[in-house]
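Please look over the structure below.

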Amino acid sequence: MSGSALYETFARIPLAFDHGEGAWLVTDTGERYLDFAAGIAVNSLGHGHPHLVAALVEQAGKLWHVSNLYEIPGQRRLGERLAAATFADKVFFTNSGAEALECAIKTARRYQYVNGHPERYRIVTFEGAFHGRTLATIAAGGQQKYLEGFGPKVEGFDQVPFGDVDAAEKAITPETAAILVEPVQGEGGIRPLPVQALKRLRQLCDKHGLLLILDEVQCGVGRTGRLFAYEWAGVSPDLMAIAKGIGGGFPMGACLATDAAAEGMTAGVHGTTFGGNPLAMAVGNAVLDVVLEEGFLDEVVRKALLFKQGLAAIADEFPQVIEEIRGAGLMLGLKCAMPNGKVNQALRDQHLLAVPAGENVIRLLPPLNVADEDIGEALKRIRAAAQGLADAVAAAAK
């Protein structure tokens, strides 16, 4: 779309999709692509899921927007369901993951303020993190490529190496309010935080009077085989930002908090015009209807094992293309032995969609309800792409 009226901020792939069916997308020219990008882990139940479509259509015929000046029954229901299924007591709805992180950052600072520590505003974060594109969240992520040219970096974030709990402890000062971490880094290269590290971060926060904030925007809502990834470690955060999968394709997010953490978030200190609108709440409740069904998450675990085993076999066969299989649940990564852009192009040539990430990784993020047959088809296409790349390497070496 170069030359159009749009900002030139996206290096768009020259594909335009007309409609989708489950794990498949169909272009405006009728070509079918197997979608293992899922809108970057957003389309948690694939395309055109009948329960989500019905919920949205029904709500669209009734009411779209009233603002948070008034009661929104769907918001109350979804908030109560999220609280019942998690550590949380309180929920604030947003339109995106970045907004959910902004809310979490403000909540942590406000918590320290109302508890007599206004000097505590700094947050310890981890290298390789991606928390959003606002001025605060790019500062929290700390990646220079996102900070360049946007003026002074927002103050209050201290970065340490990913997973280095000792470094995190050394970074704590009398001004520290919280520690923020992704249980599985997505943009950073599908890097799971070791369970023991998350447990130690919880202990650090308890020891120093800090809040533990989790960013589960990408790894939450069933993506790892539990409703949220923190459950694997058996510890609970004080605050958590979610988005992406909870809307199943509809833009929405949420900040979840304990009663104690949300103590300072009283009337008028934070707000949103569109967050928690009736359309988003209808879809969010519909997503939970499906994801919380008995056996659904067990199926995610089973499908993830099936997929990961197949990927491991391909990596064994083509080490000159794929070095390592990473990730948890249906949030998997191919650590590439050649530029990941080249591998991604080869996958797209096979009509399989994936997503590049840091550390030369390709992300594979299929819908959580992906069919076994589609996993098999994806493995076939990944193997064909790897074979083609391996053949090219061998031919070049002659």
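## A buried arginine and its partner

Arg122 is buried, at a relative accessible area of 10%. Here, buried means under 20% relative accessible area, exposed means over 50%, and partly exposed lies in between (1.4 Å probe, protein chains only). This is a predicted model: local features need pLDDT of at least 70, side-chain atom pairs count only at pLDDT 80 or more, and totals for chains, interfaces and linings use all residues. Residues are numbered from 1 along each chain as its sequence is written, and side-chain values use heavy atoms, with hydrogens and water left out.

What does Arg122 form a salt bridge with? The partner is Glu155, and the closest N and O atoms are 2.6 Å apart. A salt bridge is a side-chain nitrogen of Lys or Arg within 4 Å of a carboxyl oxygen of Asp or Glu. The pair links distant parts of the chain, 33 residues apart. Arg122 sits in strand E5 (residues 122-126), and Glu155 in the loop between helix H6 (144-147) and strand E6 (157-160). Helices (H or I, at least four residues) and strands (E, at least two) are DSSP runs, numbered from the N terminus. Glu155 has 48% relative accessibility, so it counts as partly exposed.

Side chains of opposite charge can pair when their charged atoms come close. The whole structure holds 19 salt bridges. One of them joins Glu169 and Lys207, at 3.2 Å from N to O. This pair also links distant parts of the chain: Glu169 is in helix H7 (residues 165-171) and Lys207 in helix H8 (residues 195-208), 38 residues apart. Glu169 is partly exposed at 29% relative accessibility. Lys207 is exposed at 61%.

Asp238 forms a salt bridge with Arg202, with the closest N and O atoms 2.9 Å apart. Asp238 lies in the loop between strand E10 (211-215) and strand E11 (239-242), and Arg202 lies in helix H8, so the pair ties together parts 36 residues apart in sequence. Both Asp238 and Arg202 are buried. Elsewhere, salt bridges that share partners join Arg191, Glu324, Arg326 and Glu359 into one network.

## Nonpolar cores

In soluble globular proteins, nonpolar side chains tend to be buried together. A nonpolar core is a set of buried Ala, Val, Leu, Ile, Met, Phe, Trp, Tyr and Cys residues joined through side-chain atoms within 4.5 Å. Which members of the largest core touch the most other members? They are Ile179, Leu198, Leu201, Phe307, Leu311 and Val321, out of 86 residues. Another core lies apart from it, with 23 residues, including Ala100 and Phe157.

## Helix H11

Asn344 lies in helix H11 (residues 340-349). It counts as buried because its relative accessibility is 7%. Leaving aside neighbours within four places in sequence, Asn344 is in contact (heavy atoms within 4.5 Å) with Ala354, Val355, Pro356 and Ile362.

Other buried residues of H11 include Val343 and Leu347. Their cover includes strand E14 (331-336) and helix H12 (372-397). After H11 comes His351, with a positive phi near 60°.

## Cysteines without disulfides

How many disulfides are there? The count is zero, taking a disulfide as a pair of cysteine sulfur atoms within 2.5 Å. The closest cysteine sulfur to that of Cys255 is in Cys103, 3.8 Å away, which is too far for a bond. Cys255 is buried at a relative accessible area of 3%. Cys336 is buried too, at 2%.
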